[in-house]
Amino acid sequence: MRNIDFSSWQNLLSTLFALALVTVIGVGIRLLVMFTIQQRRERANRQINERLKVLIAAYKTLGGSFTGELAVNPAHLRDLRRAQSPDSDLTETGSDRARRMRDAVEAALSDIILLGTEDQVRLAGKAAQELVEGRNIHTHELVISLRAFIRHALDLAPIPADLAIPQQGPTRPGGNNGRGKSGDDTPRSGNGNRQGNGGNAGGSGGGGLAMGAGMAGTGIGAGLQHHDETDSDRDAFK
């Protein structure tokens with residue numbers, strides 16, 4: 001306030017203009033800094049969300065089973081066929097399920113190596129190396145690390161130490177029944193179309209009958225009205 005000169009209007013206006021210019025520049029710098037910080041936070045949040053989605057999917061793949069065979073068999077279908085005798089028939093259910101489980105585990109390990117923590121990357125790399133060497137692997141230790149990291153990232157309380165959780169293993173893929181369902185649905189849809197066409201034809205016939213009945217009723221009503229008018233005219237002449 002001491003620097004404001006009230007001696008003339010020109011000095012007062014120039015002083016106020018200088019103050020307004022300094023204020024606008026300060027507000028603009030503040031808005032620019034806030035916008036930059038907000039963009040960085042949004043980018044960091046998107047990265048964290050995408051990372052959590054991938055790791056949660058990997059956790060479900062590696063730790064979705066509590067019973068049955070919890071080890072991952074790295075053998076390929078050609079190896080199983082070589083192990084079988086030529087006369088024996090290789091069942092598709094067991095071999096195909098093991099193959100799909102191995103493929104899903106390999107994809108989950110690849111995601112963990114890309115987005116996991118240092119400890120998780122070490123465990124995933126060790127499991128991948130054991131798969132390459134042709135040894136069965138267990139994913140329980142990696143599942144525990146993923147579970148602790150995900151709960152910490154979501155601000156959830158850790159698992160109680162006295163809670164005994166059974167050993168977890170890869171999710172067992174289900175059978176593919178899509179072909180059978182589609183084959184069963186095809187004739188049913190054809191019958192449904194026939195029934196729908198028959199219903200439309202019946203509806204059209206019913207509509208024609210209703211129209212004819214309406215026209216007949218209209219004609220009867222007109223005739224009765226004409227008859228009443230004729231009687232009233234005769235009574236008037238009488």
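**View 1. The order of elements from the N terminus is α-α-α-α-α-α.** This is a predicted model, in which local features need pLDDT of at least 70 and side-chain atom pairs count only at pLDDT 80 or more, while totals for chains, interfaces and linings use all residues. Residues are numbered from 1 along each chain as its sequence is written, and side-chain values use heavy atoms, with hydrogens and water left out. The protein has six helices and zero strands; helices (H or I, at least four residues) and strands (E, at least two) are DSSP runs, numbered from the N terminus. Of the 238 residues, 17% are buried, where buried means under 20% relative accessible area, exposed over 50% and partly exposed in between (1.4 Å probe, protein chains only). Among contacts with a separation of 6 or more, 73% link residues 24 or more positions apart; contact means heavy atoms within 4.5 Å.

**View 2. Here helix 1 (residues 9–62) meets helix 5 (residues 140–153).** Two packed helices are described by the angle between their axes and the distance between the axes. In this pair the axes come within 10 Å and cross at roughly 145° (axes are lines fitted to C-alpha atoms, for helices over the stretch in contact, and angles run from 0 to 180 degrees between N-to-C directions). Helix 1 contributes Arg51, Leu52, Leu55, Ile56, Ala58, Tyr59 and Leu62, and they meet Leu142, Val143, Leu146, Arg147, Phe149, Ile150 and Ala153 of helix 5. By class, this contact has twelve nonpolar, no polar and two charged residues; Ala, Val, Leu, Ile, Met, Phe, Trp, Tyr, Cys and Pro count as nonpolar, Asp, Glu, Lys and Arg as charged, and the others, Gly among them, as polar.

View 3. The 54 residues of helix 1 should span 80 Å, and its end C-alpha atoms are 79 Å apart, which agrees; the expected span is 1.5 Å times one less than the number of residues. Its buried residues are Leu12, Thr15, Leu52, Leu55, Ala58 and Leu62. Buried in helix 5 are His140, Leu142, Val143, Ser145, Leu146, Arg147 and Ile150.

**View 4. The largest nonpolar core holds 17 residues.** Such a core is a set of buried Ala, Val, Leu, Ile, Met, Phe, Trp, Tyr and Cys residues joined through side-chain atoms within 4.5 Å. Leu62, Val105, Leu109, Ile112, Ile137, Leu142 and Leu146 touch the most other members. Helix 1, helix 3 (92–115), helix 4 (118–132) and helix 5 each supply at least two residues, and helix 3 gives the largest share, five residues. Beyond its neighbours within four places in sequence, Ile137 is in contact with Leu70, Ala71, Val72, Val105, Ala127, Glu130 and Leu131.

**View 5. Thr139 sits in the loop between helix 4 and helix 5.** With 2% relative accessibility, Thr139 counts as buried. Its contacts, leaving aside neighbours within four places in sequence, are Leu62, Gln168, Gly169 and Pro170.

**View 6. Asp155 lies in the loop between helix 5 and helix 6 (178–237).** Most residues other than glycine have a negative phi. Asp155, although not a glycine, has a positive phi of about 60°. Asp155 counts as exposed, at 71% relative accessibility.
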